[in-house]
Amino acid sequence: EAVYNDVRTLIQSVLARIEVTRGEALVNGTIDFSGAGRGLTGSNLLMDFGRAVGHSVTSSVDWSTVATADPLADLQSAIATYSDTNGFGPGGILTSSLVVGEMLQNANMRSLVFSGSGSPTRLSRAQLDGLLADFEIPPITINDSKVSVGGASQRVLAQDTVVLTPPNTGAAGATVWGVTLEAQENLGLVGSAAPGVVAFIERTDRTPIQYHTAVSARAVPILGNPDLTFVIDTTGP
């Protein structure tokens with residue numbers, strides 16, 4: 001049981017690393033393989049998927065400044081650019097609960113729903129969703145996912161980021177799985193069984209006899225159609 005628990009922990013760690021890298025590709029349009037914890041050194045370690053410069057923007061006012069920021073205008077501008085590039089609009093929005101909370105309190109958005117001095121100080125989530133739908137802005141999905149990387153909690157998507165995604169979420173890209181030496185040499189896997197996460201147990205016949213668990217994978221997220229994503233940094237200039 002202890003061995004299998006160890007394997008499960010190692011697999012979760014590998015998948016966590018891949019999930020963080022997937023978020024990095026989605027938000028930045030790049031993957032920096034020289035980043036912390038990746039164990040790589042040298043030159044040319046930045047994978048740039050070539051997302052259009054105009055598809056990564058910063059809001060004119062920090063959305064946390066709820067009295068003067070205009071998230072609706074920022075979203076409309078982003079969607080217009082997205083549509084001009086692709087010939088169709090985005091199908092969804094990914095962001096954090098923090099950003100959604102800022103939108104619920106935003107004065108400009110509240111004024112479109114309420115009027116008068118006695119209006120509520122924040123929208124409900126249903127009111128926000130209805131307002132966005134009225135302006136033909138796609139629905140919001142909150143992603144506050146966190147994983148443990150190197151013993152530290154790390155967000156998959158940056159907290160102050162809004163990501164526009166295509167109607168077919170798989171159209172922007174995919175995670176490509178390679179074949180490890182462990183899959184080939186330790187496990188003898190071939191063909192379609194070889195790519196992916198592999199786990200194995202080795203026995204060492206010394207005193208005392210020991211069992212070692214190991215998990216490995218080769219994978220990289222690929223934004224094959226990088227302009228099917230659009231990122232807004234909501235922190236302002």
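Visitor: What makes Pro90 a contact of Thr165?

Guide: Contact means heavy atoms within 4.5 Å. Leaving aside neighbours within four places in sequence, Thr165 is in contact with Tyr82, Pro90, Gly91, Gly92, Ile93, Leu94 and Leu228. A note on the source: this is a predicted model, where local features need pLDDT of at least 70, side-chain atom pairs count only at pLDDT 80 or more, and totals for chains, interfaces and linings use all residues. Residues are numbered from 1 along each chain as its sequence is written, and side-chain values use heavy atoms, with hydrogens and water left out.

Visitor: Why does Thr165 count as buried?

Guide: Set the value against the cut-offs. Buried means under 20% relative accessible area, exposed means over 50%, and partly exposed lies in between (1.4 Å probe, protein chains only). Thr165 has 12% relative accessibility, so Thr165 is buried. Thr165 lies in strand β8.

Visitor: What makes a run of residues a strand or a helix?

Guide: Both are DSSP runs, numbered from the N terminus: helices are H or I with at least four residues, strands are E with at least two. By that rule, the chain has six helices and 13 strands.

Visitor: Why is Leu187 called partly exposed?

Guide: Leu187 has a relative accessible area of 36%, which falls between 20% and 50%, so Leu187 is partly exposed. Leu187 sits in the loop between α6 (181-186) and β10 (198-204). Not counting residues up to four places away in sequence, Leu187 touches Glu182, Val198, Ala199 and Phe200.

Visitor: Why is Glu136 called exposed?

Guide: Glu136 has a relative accessible area of 71%, over the 50% mark, so Glu136 is exposed. Glu136 is in the loop between α5 and β5. Glu136 also has a positive phi of about 55°, although Glu136 is not a glycine.

Visitor: What makes a group of residues a nonpolar core?

Guide: The members are buried Ala, Val, Leu, Ile, Met, Phe, Trp, Tyr and Cys residues, joined through side-chain atoms within 4.5 Å. The largest core here has 30 residues, and Leu75, Met103, Met109, Leu132, Val162 and Leu164 touch the most other members. Elements that give two or more residues to this core are α2 (71-86), α3 (97-105), α5 (125-134), β8 (161-165) and β13 (230-233). α2 gives the most, with five residues. A second, separate core of eleven residues includes Ala16, Val147, Leu157 and Val231.

Visitor: Which residues does Met109 contact, leaving aside its neighbours within four places in sequence?

Guide: Met109 is in contact with Pro71, Leu72, Met103, Leu123, Leu128, Leu131 and Leu132.

Visitor: How do you know what radius of gyration a compact globule of 237 residues would have?

Guide: There is a rule: 2.2 Å times the number of residues to the power 0.38, with the radius taken over C-alpha atoms. The rule puts a compact globule of 237 residues near 18 Å, but the chain has 22 Å. Along its principal axes, the C-alpha trace spans about 80 × 35 × 30 Å.

Visitor: What makes the bond from Thr207 to Pro208 a cis peptide bond?

Guide: Its omega is near 0°. Pro208 lies in the loop between β10 and β11 (210-216).
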